[in-house]
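Please look over this model before reading on.

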Amino acid sequence: MSVLSGKNVLLGVTAGIAAYKTTYLVRYFIKAGANVQVVMTPASKEFVTPLTLSTLSKNPVYSTFYDKEDENEKWNSHVDLGLWADLMVIAPPTANTLSKMADGICDNLLLATYLSAKSTVYFAPAMDLDMYQHPSTKGNIEKLQTFGNIFIPPSSGELASGLFGEGRMPEPEEIVSFIEDHISSNLPLQGKKVLLTAGPTYEAIDPVRFIGNHSSGKMGYALAKQAESLGAEVTLISGPTNQQLPDSSVKIIDVISADEMYDAVHDNFKDSDIAIFAAAVADYKPKTVANQKIKKKEAVMPIDLEPTQDILASVGKIKENQFLVGFALETNDELENAKGKLKRKNLDMIVLNSLQDKGAGFKGDTNKITIIDKGENINSFTLKSKTEVAVDIFNEIIIKSDA
Ligand code: CTP
């Protein structure tokens, strides 16, 4: 999955001949799973039509502060566009636009949007040989980088004028790869290995029956997704669930029982940097598993149970530099019980869910958590979607683990 998947990309187009390449640029962003909106300078419409870019981006294209043809004269807010963007890409900015960006001039919608954008701004200049070599252009490019903008250097080759040299806008695929590489290399969990457990375990009684629980796996899968989007290499050991991670590079190891989960965890734990145990592992399993389906009898039928291995506690005993996170689902004396588990299992952090909180727990789409760390610092969060909870959990892990 591309790091651009689900990201809001604001593309700024100015009046250079390379503007024709932005039709492909929009397509590649869309192919990478991004949402695209385009802002154009008025003059750039001579080079590529708003209709083309609007059709390809599946969004209206803006070039003025007001839609004059619209009788309501709708205000196109540069602030809203800037806030919407997860990243802004100006491709190509002409020498004129570069110079205005460098000096904070905002006499069109694109420049005003650039000035109000809070996100990272990439710029891929394209112009003729001598314009590109001019000290003022070079100076503007340097100045823009000192503001934190990311320069995508032009390539060399035949220019529109017929001259050869530096000044060509890189091909659209190259621009998209450049941005993907830049985002990836700056992700907080880049190079880290995250191990996760999720879902329930099923403990067999006979070939057709088992003891299980209602865990949906949603929290663990949301954590896996978040870890991946932060750049980690993720291994998810999953009990039986209906969850899926389409287009994902997460390595899923499917297991059924607590014993299988134990083995899979121990095969992968040593190699991990962060391990999060979100699975609802059965605490007991039948002492013996019948080979044949057990027949119905009139009398009461007892099943002898024995404890499963506590997987989390077992890795707590062997952990070296791994940052170890457990979950605690409690109904009473929540903080005390969670702190007890944190110590007993030698964890760095525990995520507490209280079944007394409406909307918390393992079946629904929401959760309400309290995070307790080794130093017994307590951080309580409001009720949120499990996706948002996963973001909060990783924010805490990144702060507390120095990841
Ligand atoms: N866990 C585990 N293996 C088990 C049981 C629990 O890895 N056999 C992990 C869970 O994934 C969770 C944490 O331990 O991260 C806490 O699980 P929980 O069932 O709440 O704790 P227990 O130690 O089993 O305590 P109790 O059931 O008495 O509350």
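Axes here are lines fitted to C-alpha atoms, for helices over the stretch in contact, and angles run from 0 to 180 degrees between N-to-C directions. Helices (H or I, at least four residues) and strands (E, at least two) are DSSP runs, numbered from the N terminus. The model is predicted: local features need pLDDT of at least 70, side-chain atom pairs count only at pLDDT 80 or more, and totals for chains, interfaces and linings use all residues. Residues are numbered from 1 along each chain as its sequence is written, and side-chain values use heavy atoms, with hydrogens and water left out.

**Helix pair**

Helix 1 (residues 22-31) packs with helix 2 (residues 50-57) at an angle of about 10 degrees. Their axes are 9 Å apart. Helix 1 is therefore roughly parallel to helix 2 (angles under 35 degrees count as roughly parallel). Which residues make the contact? Helix 1 supplies Thr-22, Thr-23, Val-26, Arg-27 and Ile-30. Helix 2 supplies Thr-52, Leu-53, Leu-56 and Ser-57. Contact means heavy atoms within 4.5 Å. These residues divide into 4 nonpolar, 4 polar and 1 charged. Ala, Val, Leu, Ile, Met, Phe, Trp, Tyr, Cys and Pro count as nonpolar, Asp, Glu, Lys and Arg as charged, and the others, Gly among them, as polar.

**Ligand site**

There are 14 residues around the ligand (near means a heavy atom within 4 Å). Phe-277, Ala-279, Phe-327, Lys-341 and Lys-345 come nearest. The shell holds 7 nonpolar, 3 polar and 4 charged residues. Strand 17 gives the largest share, 3 residues. The table lists polar contacts, pairs of N or O atoms within 3.5 Å.

| Protein atom | Ligand atom | Distance |
|---|---|---|
| Gln-309, backbone N or O | nitrogen | 2.9 Å |
| Phe-327, polar backbone atom | oxygen | 2.8 Å |
| Lys-345, polar side-chain atom | oxygen | 2.7 Å |

Taken alone, the ligand exposes 570 Å², and the protein buries 77% of that. Accessible areas come from the Shrake-Rupley method with a 1.4 Å probe. Helix 11 (311-318) and strand 17 (323-330) are the elements that give two or more residues to the shell.

**Backbone features**

Where is the cis peptide bond? The bond runs from Ala-91 to Pro-92, with omega near -10 degrees. Pro-92 sits in the loop between strand 4 (87-90) and helix 4 (95-103). Lys-58 is not a glycine, yet has a positive phi of about 60 degrees. Lys-58 lies in the loop between helix 2 and strand 3 (61-62).

Note on methods
Parallel < 35°, antiparallel > 145°, perpendicular 65-115°, else oblique. Polar contact = N/O pair within 3.5 Å; in protein donor to acceptor, adjacent residues only side chain to side chain.
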